Amino acid sequence: MAYAPIALFVYRRLSHTKTTVESLLRNKEARDSTLYIFSDAAKAEKDSAAVNEVREYIHALSGFKAVHIVEQETNQGLAKSIIAGVTSVLREHGRVIVVEDDLLLSPYFLQYMNDGLNLYENAEQVASIHGYTYPVDIKLPETFFLRGTDCWGWATWSRAWRIFEPDTARLYRQITDAGLANEFDYNGYAGNIKMLHNQIAGKIDSWAIRWHASAFLANMVTLNPGISLVQNTGMDGGGTHGDATSVFSTELSQKPVVVEFKEPVADHAVYEALERYFKSRQPSLPEKLWTRLKRMLR
């Protein structure tokens with residue numbers, strides 16, 4: 001069996017990169033998988049030493065079928081790095097598994113990803129396979145579909161990636177003109193519309209919101225596991241974006257996820273559970289005031 005190549009994106013966090021790579025190597029499929037590592041250059045001189053530590057580590061890696069390293073000479077930023085890296089691997093292989101340097105992966109992550117890629121390769125409505133599952137308040141099926149895409153441990157094919165639209169303003173217009181803003185934003189609780197606004201305003205540079213919006217507008221869906229195969233370890237305040245938080249912590253599956261073909265239709269019950277989850281994360285008025293005060297005191 002041929003396994004999909006893995007694209008790993010790294011920057012300056014050596015401990016996080018080690019955690020991600022070591023968890024990948026606990027997947028038995030790793031030894032038969034080609035690993036492409038995209039290493040971004042330092043944004044500022046103060047980051048150079050940390051970037052070099054990561055590069056020294058990845059050049060010594062073994063345990064994969066092959067390792068190919070792309071080192072940028074100037075800082076690209078995460079969005080540009082991922083868009084270019086994913087495009088290049090898909091151009092050569094037609095499919096790819098995408099991992100960032102702040103993910104802890106289940107030993108069954110690669111099995112699930114490859115099973116999903118094989119089973120839904122010709123299902124035109126399926127945009128991607130996703131490994132992370134939010135800690136919602138219902139028992140989830142073994143696998144399920146949601147409209148659009150997500151970004152913490154995912155895989156796709158060149159046929160789906162072709163619909164990626166980089167123009168955020170166009171995406172926003174199409175979503176609002178079609179009356180889809182509430183559905184896209186889980187009735188205002190997910191923050192997706194805000195992310196589109198911030199992307200248009202240049203406050204963030206997110207490939208993920210554009211990938212999600214592109215697939216959502218194409219009425220494409222993503223396969224998700226009932227128990228998460230991914231844990232995000234980067235929510236410690238040390239990343240490029242965001243403050244420390246534990247709200248995305250979830251149980252990491254220690255058994256295989258059975259991937260059987262089902263019609264690629266979004267699961268309404270899971271959508272409603274996610275809406276409740278996002279709603280529960282909305283800060284109260286005292287919390288909003290405290291957050292504002294902390295920012296003023298910085």
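## Terms and model

Buried means under 20% relative accessible area, exposed means over 50%, and partly exposed lies in between (1.4 Å probe, protein chains only). At 47% relative accessibility, phenylalanine 261 therefore counts as partly exposed.

This is a predicted model, in which local features need pLDDT of at least 70 and side-chain atom pairs count only at pLDDT 80 or more, while totals for chains, interfaces and linings use all residues. Residues are numbered from 1 along each chain as its sequence is written, and side-chain values use heavy atoms, leaving out hydrogens and water.

## Aromatic pairs

Let's look at the rings. The whole structure holds 16 aromatic pairs (Phe, Tyr and Trp rings, the last by its six-membered ring, with centres within 6.5 Å; planes under 30 degrees apart are stacked, over 60 edge-to-face, the rest tilted). Tyrosine 120 and phenylalanine 261 have ring centres 5.1 Å apart and planes at 25 degrees, so they are stacked. These two residues are 141 residues apart in the chain. Tyrosine 120 is buried, at 0% relative accessible area.

Tryptophan 154 and tryptophan 211 make a tilted pair, with 5.7 Å between centres and 40 degrees between planes. Tryptophan 154 is buried at 0% relative accessibility, and tryptophan 211 is buried with a relative accessible area of 0%.

## Charges over rings

Here a charge sits over a ring if NZ of Lys or CZ of Arg is within 6 Å of the ring centre and within 35 degrees of the ring normal. Arginine 147 lies over the face of phenylalanine 216, 4.0 Å from the ring centre. Arginine 159 lies over the face of tryptophan 157, at 4.3 Å from the ring centre.

Methods. Helix = DSSP H or I, 4+ residues; strand = E, 2+ residues; numbered from the N terminus.
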